[in-house]
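Me: I am new to this structure. Please walk me through it in short steps.

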Amino acid sequence: MMPVTFPAVPALPPRKTLRPEPPGQDLPPLKSPRLLAQLRERLRFMHYSLRTEEAYVYWVKAFIRFHGLRHPAEMGGSEVEAFLTHLANDRSVAPSTHSQALSALLFFYGKVLGHQLPWLKEIGHPRRQRRLPVVLTVEEVRQVLRAMVGEHQLLAQLGLLKKAELPLGPMAANCS
């Protein structure tokens with residue numbers, strides 16, 4: 001009996017990603033003469049979403065306006081840090097908003113202007129503060145229930161008892 005042989009299977013080409021630009025590959029030259037149009041062109045080439053495009057254009061415009069309409073190629077790290085500090089301190093933006101502005105400027109300087117600015121990566125992303133839940137003590141709950149009257153007190157007591165899965169007797173006796 002002869003052994004069965006199968007033909008060699010050719011290797012599959014690598015899968016395409018959503019953002020096809022590998023790290024070492026040069027991007028094609030930009031065609032638009034206007035700065036924000038170049039930003040849009042690059043975002044579309046790299047398949048970013050429309051909402052991301054709108055947000056990045058907004059933050060680059062805000063950055064340029066903040067510095068008196070100076071061209072971003074003339075500015076450096078101190079101007080970017082000043083803008084991000086302004087957002088955090090003066091406008092008190094949320095950490096996610098601050099990160100979005102930082103990401104927009106990182107993309108703009110790196111992919112549109114072609115400036116490799118290592119200091120931008122060193123700027124820390126703000127962190128969300130964890131909020132502790134507000135919990136009342138047992139005595140505070142009793143005081144709140146004592147301050148209620150009528151059906152409001154009864155509904156609050158029933159809601160607490162259902163949540164705590166306690167019998168009605170002891171709670172009603174403590175709150176009257």
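Reply: One definition comes before the rest. Rings of Phe, Tyr and Trp (its six-membered ring) pair if their centres lie within 6.5 Å; planes under 30 degrees apart count as stacked, over 60 as edge-to-face and the rest as tilted. This is a predicted model, where local features need pLDDT of at least 70, side-chain atom pairs count only at pLDDT 80 or more, and totals for chains, interfaces and linings use all residues. Residues are numbered from 1 along each chain as its sequence is written, and side-chain values use heavy atoms, with hydrogens and water left out.

Me: How many aromatic pairs does the structure hold?
Reply: Pairs are counted by the ring-centre cut-off of 6.5 Å. By that count, the aromatic pairs number nine.

Me: Are the rings of tyrosine 56 and phenylalanine 107 stacked, edge-to-face or tilted?
Reply: Their centres are 5.8 Å apart. Their planes stand at 55°, so the pair is tilted.

Me: How many residues apart in sequence are the parts that this pair of tyrosine 56 and phenylalanine 107 ties together?
Reply: Helices here are DSSP runs (H or I, at least four residues; strands are E, at least two), numbered from the N terminus. Tyrosine 56 lies in helix H2 and phenylalanine 107 in helix H4. The pair therefore links parts separated in sequence by 51 residues.

Me: How do H2 and H3 lie to each other, roughly parallel or roughly perpendicular?
Reply: Axes are lines fitted to C-alpha atoms, for helices over the stretch in contact, and angles run from 0 to 180 degrees between N-to-C directions. The axes of H2 and H3 are 10 Å apart, at an angle of about 105°. Angles under 35 degrees count as roughly parallel, over 145 as roughly antiparallel, 65 to 115 as roughly perpendicular and the rest as oblique. H2 and H3 are therefore roughly perpendicular.

Me: Is serine 32 buried or exposed?
Reply: Serine 32 sits in the segment before H1. Buried means under 20% relative accessible area, exposed over 50%, partly exposed in between (1.4 Å probe, protein chains only). With a relative accessible area of 18%, serine 32 is buried.
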